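Work through the exercises below with the sequence and the structure open. Try each task before reading its solution.

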Amino acid sequence: MTISPERLKELQNINDSEIDTSDIPELDEQFWQKARRVEPIPQETVLIKLDPDITNWFKHQGPNYKTIINQVLRDYINQQKPE
């Protein structure tokens, strides 16, 4: 999703008291007891050759197409695991 510079300025000027958070549940003590910190998995930069039609298809999925490619590969690996 992209946000225009004008809309971003509008959002930055909204007071916190004006933001509707009614659809966000309160975080109670039980939540914090179960919460845990998760470190991001470091990623490795690699160079691979892909067919142009594959690259174009992923690029049309959005600006985070590299993340989508990573997720597709992860899903494939998870499908290969024996049950």
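**Exercise 1: Leucine 11**

Leucine 11 counts as partly exposed because its relative accessibility is 34%, and partly exposed lies between buried (under 20% relative accessible area) and exposed (over 50%), with a 1.4 Å probe and protein chains only. The model is predicted: local features need pLDDT of at least 70, side-chain atom pairs count only at pLDDT 80 or more, and totals for chains, interfaces and linings use all residues. Residues are numbered from 1 along each chain as its sequence is written, and side-chain values use heavy atoms, leaving out hydrogens and water.

Task: state which helix holds leucine 11.

Solution. Leucine 11 is in helix 1, residues 5–12; helices are DSSP runs (H or I, at least four residues), numbered from the N terminus.

**Exercise 2: Aromatic pairs**

Task: find how many aromatic pairs there are, where ring centres of Phe, Tyr and Trp (its six-membered ring) must lie within 6.5 Å.

Solution. Step 1: the count is two aromatic pairs. Step 2: phenylalanine 31 and tryptophan 32 pair edge-to-face, at 4.9 Å centre to centre with 85° between the planes; edge-to-face requires planes over 60 degrees apart, while under 30 is stacked and the rest tilted. Step 3: tryptophan 57 and phenylalanine 58 also form an edge-to-face pair, with 5.0 Å centre to centre and 90° between the planes.

**Exercise 3: Two phenylalanines**

Task: decide whether phenylalanine 58 is buried or exposed.

Solution. Phenylalanine 58 is buried, since its relative accessible area is 11%. Phenylalanine 31, with 39%, is partly exposed.

Technical notes. Helix = DSSP H or I, 4+ residues; strand = E, 2+ residues; numbered from the N terminus.
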